Amino acid sequence: MAAMEVDGGDGKPLLERKQAFYRSLDDPFEIRDEKYKGQQYSQIYFMRLHNMRNLIYPLVPKWKPQLPVCTVLGLEEGKECIIVGTIYKHMKLKPSILDEYSKERSTIPLVKPHNFMHPDDHLVLEDESGRVKLGASVLAPSDFVTGIVMALHGKETSDGDFFVQDVLVAGLPPQVERPIISDNKYVVFISGLNVGGSMLNPLQFQLLVDHITGHLGDDREQSMASQIVRVVIAGNSVEVPKGLLSGQMVTPKEQYKIFEPIKELDISLTQLVVAMPVDIMPGTNDPANFSLPQQPLNRCLFPGASTYNTFVSCTNPHSFELDNVQFLGTSGQNIDDLGKYSDAKDKLEFMERTLRWRHLAPTAPNTLGCYPFTDRDPFLIESCPHVYFCGNQDKYETRVIQGPEGQSVRLICIPRFCESGIAIMLNMRNLECHTLSLSTNLDF
Amino acid sequence: MASGGDIKGFYRQRKKNTTISGGVTKPSAAASKKKGTVAAKGPSAASVGSGGDPQPPALISHGSLDVDKEYGPEEEVLRLFDMDMKYGPCLGVTRLERWERAARLGLHPPAELEGLLLRHREAGGGGAPAVKLECLWEGRI
């Protein structure tokens, strides 16, 4: 890429934007020409159980040597053993499509709770041979969700439940060693732009674009901006008025209201893309498919930006590497779904759990829409990323977690830009994060 | 009636005064007489009053009738492969795909099944194949 010219001249040296070698690892998330043949979700659950079991079996002898591993059907009362299977969480308040048919309308609450937990929730472990209800104490159902594969040590009780004494999850996957990067290179994360919505202040977004592309500020600001190697937009970039999308005929004037936000986004993206590589991921509100993995936004939506080879439309979840630093992230649907069906002290804890369970979205396909793959479960995390991000969250949070084999991951929750005016800058040299906060508020 | 042109067969059954839908019998003199004979015959005549086709066309909305009450040993082996839990669920994938998936996962499915399925795939339609390419439950669930 040619050096970016900076206004100034007068013998000052031209600032060159740093570059980083990019490689997209989105292959498992692409659907390409998969054909739906009427299959159900049993196939993806089988693949998940099979792959995770093969990861867990080698860990079992080290965890509890001498104990036999058996299937659910092979459980004997009173015999201590280890079973490995998929967790199902039975939740009383979980909305079920069957409720529409079985109960009278009046008993269904009109206001849906944000979190469907209930003290009576219980866990069930399932493998190919059968299911068993999990009893007791060690497992707090509020920490778990349907879809996790784990090993349990315990014994069957007289009433047919499995009394759990200890739990083993697969843990953080192996991590490739982080390369040493000698100079500061930044990646900017933005999410929740909601262009076209009422919450976004267009001037704020324009300020952000100008700052990142180096059109703002003095030499010091510009030299900092020149160290930004990539921008990752993590979902919910447009907000189209929902009322117009209910399937009825749309007048030309309303059609304008639908595509206007996308056109505005394209204009801003073109300004960004001229300056540096941009990855854009689809989110819940974007014009992409509903179920995970969301496919890349179509290039036709961005006639201006897509003419540049620095414009990369990515899947959600998105996995890539920059200068051999591994990144993995989503637009937030997986973490939001965990928040509805389980409890944790903060969103970072949910993110940490997904890494320790080695699965990006364990609640898919149970409560999170997902494509019924037959030959793989693409959400299994095979290698530990160095940076794990999640978009469209309420606030900015970040933490580094450590793994038993020396893995170290920077977790980042990216706040919605339309609400907070905050973008995140990550320094690839030391994986430190700071915020880029923009405000157009004239009151000091 | 999605199972193609079997309306005549359906009406023919009504004329014979046998079951209208699988298993549901109208109490009639004929039925009760049959009950008597069943008692005399013993357990061999298991279904009472249902002399007709066990799978009346009306009930089958898609898929095919299992008109082949006999099936060869090759189909038998494939059905056992379908039912084996080790290789995962059988519904929703063709047998060949399931076999290939099992091979890829290192589960060592019986090698001769692959040959069997490929041969019959190459052979094509032409009449009722001795071996089906889809699993046992395909089209019925």
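Trainee: Which residues of α4(B) are buried?

Mentor: In this predicted model, the buried residues of α4(B) are B:Arg95, B:Leu96, B:Arg98, B:Trp99, B:Arg101 and B:Ala102.

Trainee: What makes a residue count as buried?

Mentor: Its relative accessible area must be under 20%.

Trainee: What comes just after α4(B)?

Mentor: B:Gly106 does, with a positive phi of about 80°.

Trainee: Which residues of α3(B) and α4(B) meet?

Mentor: From α3(B) come B:Glu75, B:Leu78, B:Arg79, B:Phe81 and B:Asp82. From α4(B) come B:Arg95, B:Arg98 and B:Trp99. By class, this contact has five charged residues, three nonpolar and no polar ones.

Trainee: How do you know that chain B and chain A touch?

Mentor: Contact means heavy atoms within 4.5 Å. By that test, 14 residues of chain B are in contact with twelve residues of chain A. The two chains bury about 1,100 Å² between them, with 59% of it on carbon and sulfur atoms. On the chain B side, B:Met85, B:Arg101 and B:Leu105 lose the most area to chain A. Together they give 40% of what that side buries.

Trainee: Why is A:Glu352 called buried?

Mentor: Check the value. Its relative accessible area is 18%. The limit is under 20%, so A:Glu352 is buried. Its place is in helix α8 of chain A, residues 347–356.

Trainee: Which residues does A:Glu352 touch, not counting those up to four places away in sequence?

Mentor: A:Glu352 touches A:Arg399, A:Ile401 and A:Leu411.

Trainee: Is A:Met249 buried or exposed?

Mentor: A:Met249 has 76% relative accessibility. Exposed means over 50%, so A:Met249 counts as exposed.

Trainee: Where is A:Met249?

Mentor: A:Met249 is in the loop between β8 (228–234) and α6 (252–275) of chain A. A:Met249 and A:Ala423 are 174 residues apart along the chain. Their C-alpha atoms are separated by 38 Å.

Methods: Residues numbered from 1 in each chain as written. Chains lettered and ligands numbered in written order. Predicted model: local features only at pLDDT ≥ 70, side-chain atom pairs only at ≥ 80, totals over all residues. Heavy atoms only, no water. Helix = DSSP H or I, 4+ residues; strand = E, 2+ residues; numbered from the N terminus. Nonpolar A, V, L, I, M, F, W, Y, C, P; charged D, E, K, R; others polar. Buried < 20%, exposed > 50% of the residue type's maximum accessible area, 1.4 Å probe, protein only. Buried area = accessible area lost by both parts, 1.4 Å probe.
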